[in-house]
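Please read the following walk through a structure with the sequence and the coordinates side by side.

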Amino acid sequence: LGITVNTPSGKMVSKARLLMCTVDLPARASVLNMKQFNGKWGCTHCEDEGVPRPTTHLVRNWPYSTTSTPRTHESIVRNARSALTENDAVS
C-alpha cells in the first residue's frame, strides 16, 4: 500500500514498512495473530504446550527443557497457513 501525494512536479507515491515495534505481551499476541502468553502454545519462542499452575489454570509456565522445539520462521508460516485453511488457531 502506498499514499499518493500530488506535488508541483506530478504525483508521488510514498510507501513505508514497519521494521520494528515495542508492545506488551497481549499486544504481541495480537500482532503475531497467536494465542496470548497464558494460553496453550502461547510461548513465542518455543512450540511447547506449557504447564498450567496447580493453583490456577489462568497462568501457564514453560519450564526449561532440553527437548523444547524452538519456533522458527518456517514453523510460524506453516502454522499460520494451517490456521487459515482449518479456520482455527493452532500452535
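Glutamate 47 has a relative accessible area of 17% in this predicted model, and because buried means under 20%, glutamate 47 counts as buried. Its side chain meets that of arginine 78 in a salt bridge, with 3.8 Å from N to O. Glutamate 47 sits in the loop between H1 and strand E3 (51-52), while arginine 78 belongs to helix H2 (residues 73-86), so the pair ties together parts that lie 31 residues apart in sequence. Arginine 78, with a relative accessible area of 48%, is partly exposed.

The whole structure holds two salt bridges. Another pairing of this kind joins glutamate 49 to lysine 40, where the closest N and O atoms are 3.6 Å apart. Glutamate 49 is partly exposed at 35% relative accessibility, and lysine 40 is partly exposed at 39%.

Sorted by class, the lining of the second largest pocket consists of eight nonpolar, five polar and three charged residues.

Isoleucine 3 is part of strand E1 (residues 3-7). With a relative accessible area of 58%, isoleucine 3 is exposed.

Methods. Residues numbered from 1 in each chain as written. Predicted model: local features only at pLDDT ≥ 70, side-chain atom pairs only at ≥ 80, totals over all residues. Heavy atoms only, no water. Helix = DSSP H or I, 4+ residues; strand = E, 2+ residues; numbered from the N terminus. Buried < 20%, exposed > 50% of the residue type's maximum accessible area, 1.4 Å probe, protein only. Nonpolar A, V, L, I, M, F, W, Y, C, P; charged D, E, K, R; others polar. Salt bridge = Lys/Arg side-chain N within 4 Å of Asp/Glu carboxyl O.
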